[in-house]
Amino acid sequence: MKQFEVLPNRLTKTIKQYFLGFSLANRKRVKHVVMDMNAQYASFIKFLFPNAEIIIDGFHIAQRIGNALDSVRKNIQKRIDDKQNNRA
């Protein structure tokens with residue numbers, strides 16, 4: 001039994017073809033699918049694994065939060081710089 005498989009690419013077609021190679025009975029036994037925040041994947045995961053709960057991996061959650069905070073910081077810094085330039 002294989003412990004893991006590396007697919008040749010991340011295309012929806014490739015992923016679907018791979019998992020459709022497993023019987024529906026086996027795919028129904030899957031309880032959790034951990035994935036990144038790719039909305040395209042979420043659209044077909046429920047089809048492939050009808051009983052699975054989708055879990056977003058922690059790295060991508062932390063990355064999204066970090067990016068959002070950085071965006072807020074940049075906007076605030078820009079406003080501060082604009083105010084200082086208008087006073088000069």
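Predicted model: local features only at pLDDT ≥ 70, side-chain atom pairs only at ≥ 80, totals over all residues.
Residues are numbered from 1 along each chain as its sequence is written, and side-chain values use heavy atoms, with hydrogens and water left out. Local features need pLDDT of at least 70, side-chain atom pairs count only at pLDDT 80 or more, and totals for chains, interfaces and linings use all residues.

**Exercise 1. Identify the residues of the largest nonpolar core, and the element that gives the most to this core.**

Step 1. A nonpolar core is a set of buried Ala, Val, Leu, Ile, Met, Phe, Trp, Tyr and Cys residues joined through side-chain atoms within 4.5 Å. Buried means under 20% relative accessible area, exposed over 50%, partly exposed in between (1.4 Å probe, protein chains only). Helices (H or I, at least four residues) and strands (E, at least two) are DSSP runs, numbered from the N terminus.

Step 2. List the members. The core has nine residues: Ile 15, Val 33, Met 35, Tyr 41, Phe 44, Ile 45, Leu 48, Phe 49 and Ala 52.

Step 3. Assign elements. α3 gives the most, with four.

**Exercise 2. Find the buried side of α3, and say what covers its buried residues.**

Step 1. Pick out the buried residues of α3: Tyr 41, Phe 44, Ile 45 and Leu 48.

Step 2. Look down the axis. These residues fall within an arc of 125 degrees, so they line one face of α3. The arc is that of the directions from the helix axis to the C-beta atoms.

Step 3. Turn to the face away from the buried side. Ala 39 and Phe 47 are exposed there.

Step 4. Take one residue. Leaving out residues up to four places away in sequence, Tyr 41 touches Arg 10, Ile 15, Met 35 and Asp 36. Contact means heavy atoms within 4.5 Å.

**Exercise 3. Sort the buried and exposed residues of α1.**

Step 1. In α1 (residues 12-20), Thr 12, Thr 14 and Ile 15 are buried. They cover an arc of only 165 degrees around the axis, which puts them on the same side of α1.

Step 2. Lys 13 and Gln 17 are exposed on the other side.

Step 3. The buried residues of α1 pack against α3.

**Exercise 4. Classify the aromatic pair of Tyr 18 and Phe 19, then that of Phe 19 and Phe 22.**

Step 1. State the rule. Rings of Phe, Tyr and Trp (its six-membered ring) pair if their centres lie within 6.5 Å; planes under 30 degrees apart count as stacked, over 60 as edge-to-face and the rest as tilted. The count is five aromatic pairs.

Step 2. Tyr 18 and Phe 19 lie 5.0 Å centre to centre, with 80 degrees between the planes: edge-to-face.

Step 3. Phe 19 and Phe 22 have centres 6.3 Å apart and planes at 35 degrees, so this pair is tilted.

Step 4. Tyr 18, Phe 19, Phe 22 and Phe 49 form one aromatic cluster.
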